[in-house]
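Please look over the sequence and the model shown here before reading the notes. The report is written for someone meeting this structure for the first time.

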Amino acid sequence: PNSLDFGLTVIGTPGVDTVALTNLGGTGDPSINITSTTTSGPDAADFAATVTGPTTIGPGGQTTIDVTFSPSAVGGANATLDIVHSGTNTPVTVNLSGNGTNQTSVGFAASNLDLQGTALNNPTSLQFGPDGRLYVTEQSGDIFAFTIQRNTSTDYVVTATEAIQTVQDIVNHEDDGSINPSVNTRLALGLLVTGTATNPVLYVSSSDPRISVGNDSGLDTNSGVLSRLTWNGSAWDHVQMARGFPRSEENHAINGMDLDESTNTLYVMIGGHSNMGAPGNNMSALPEYALSAALLAIDLDALEAMPIQTEVVDGHTQNYIYDLPTIDDPTRANEPDGSDPGDPWGGNDGRNQARVVIGAPVEVYSPG
């Protein structure tokens, strides 16, 4: 660039910008040597330059110079950076400017996104993906992927929309574990987008969509599911990574997530079943479960090492990996393997809730 403007820079917090130098010569032309960089002018002491790439640039090659602005006083500062080299246009001159300040003024302005006719109904979570698209979950379990074009600083428009309805294929149950074929949506509250631009990966948290206040509706209080949707190049592969997380009678459920990529640990928030720890009428008198009102840590490496299992439920093919172990429900006769019929579904007001298992892929990281 011919100039660098650092704008407002807080005293004591240097600003850094970069100058790229390219040898524009072609095949057979000589290399160029960077011999020195100097700053001059009234505020030269506030600026510094360091060559961070090679000092010899072959034809078509490039090097970079980091320029630092460390204002010594409030107000404007100006200097000139001279880059001396063995090429024909030596020195390259870059004008430097900036404004020192004791504090940073932060301002926010609203920008409009034209959805081009797509009507969002109760959006719950959103995140830009590695492919540059904006992913948005709706309360009903629908997911939209928007391709966005920026027209001006406050004007954006959607140029393409993909609707992803895979999460809605999860079959819902009653609180006794029996299938409820009449409910065909999901309460989707959490979304985390990772992966690559070519193969984005979506983690979605969902549960029984019914919401009840002050009465026992029979909704499945073990209905929380962590889903992974992976783009394979032509479709989204849906695997239910873990199933059976607690969900209140009201709208507190499995929700927000964050990923520690260094350990491949997914942290997941589970909403509480009460407002202050004890059962209450507004929350339909449901007690807290072992995994409710807690931050859970999920070992994705451990889950991904397990085989993907497949079952057909109510005509829907369900791919899943791990069912949370539950306590023994005294109202259900055990299966031959000791599990309760319908596990992990049907919390039965706590009688069949998921239990804490030390060393399991899903553990309590911090209780609420």
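Predicted model: local features only at pLDDT ≥ 70, side-chain atom pairs only at ≥ 80, totals over all residues.

## Nonpolar cores

In soluble globular proteins, nonpolar side chains tend to be buried together. The largest nonpolar core in this model has 26 residues. Those with the most contacts inside this core are Tyr203, Leu226, Phe245, Leu266, Ile298, Tyr322 and Val362. Several elements supply at least two residues each: strand 15 (200–207), strand 17 (236–245), strand 18 (254–260), strand 19 (265–270), strand 20 (294–299), helix 1 (300–304) and strand 22 (316–323). Strand 17 gives the most, with four residues.

Phe245 shows how this part of the chain comes together. Leaving aside residues up to four places away in sequence, Phe245 touches Thr221, Asn222, Ser223, Gly224, Val225 and Leu226, and also Ile254, Ile270, Leu296, Ile298, Leu324 and Val362. Another core, of 16 residues, lies apart from the largest one, and its members include Phe6, Val19, Phe69 and Val94.

## The largest pocket

The largest pocket holds about 360 Å³ of space. Its lining is made up of 17 residues, and those nearest the centre of the pocket are Thr22, Asn23, Leu24, Ile32 and Asn89. Strand 2 (15–22) and strand 3 (32–40) each supply at least two residues of this lining.

What kinds of residue line the largest pocket? Nine of the lining residues are polar, seven are nonpolar and one is charged.

## Two hairpins in a row

Strand 11 (residues 134–138) pairs with strand 12 (residues 143–152) in the antiparallel sense, over four bridges. Within this pairing, Thr137 has Ile143 of strand 12 as its bridge partner. The two strands form a hairpin with four residues between them. In the turn of that hairpin, Gly141 has a positive phi of about 100 degrees.

Strand 12 also pairs with strand 13 (residues 155–164), again in the antiparallel sense, here over nine bridges. Arg150 stands opposite Tyr156 in strand 13. The hairpin that joins strand 12 to strand 13 runs through two residues. In a regular strand the side chains alternate between the two faces of the sheet.

## Cis peptide bonds

Thr90 and Pro91 are joined by a cis peptide bond, with omega about -10 degrees. Pro91 lies in the loop between strand 7 (75–85) and strand 8 (92–101).

A cis peptide bond is also found between Asp343 and Pro344, where omega is about 5 degrees. The loop that holds Pro344 runs between strand 22 and strand 23 (362–367).

Gln116 is not a glycine, yet has a positive phi of about 55 degrees. Its place is the loop between strand 9 (112–114) and strand 10 (123–128).

Asp314, likewise a residue other than glycine, has a positive phi near 55 degrees. Asp314 sits in the loop between strand 21 (309–313) and strand 22. Is Asp314 buried, partly exposed or exposed? Asp314 counts as partly exposed because its relative accessibility is 44%, and the partly exposed class covers values between the buried limit of under 20% and the exposed limit of over 50%.

Notes
Residues numbered from 1 in each chain as written. Heavy atoms only, no water. 1 Å grid on protein atoms, 1.4 Å probe; cavity = no way out; pocket = protein on both sides within 12 Å on 5 of 7 lines; lining within 4 Å. Points joined across faces, edges and corners; volume = space filled by probe spheres on them. Nonpolar A, V, L, I, M, F, W, Y, C, P; charged D, E, K, R; others polar. Core = buried A, V, L, I, M, F, W, Y, C linked by side-chain atoms within 4.5 Å. Buried < 20%, exposed > 50% of the residue type's maximum accessible area, 1.4 Å probe, protein only. Contact = heavy atoms within 4.5 Å. Pairing = 2+ DSSP bridges.
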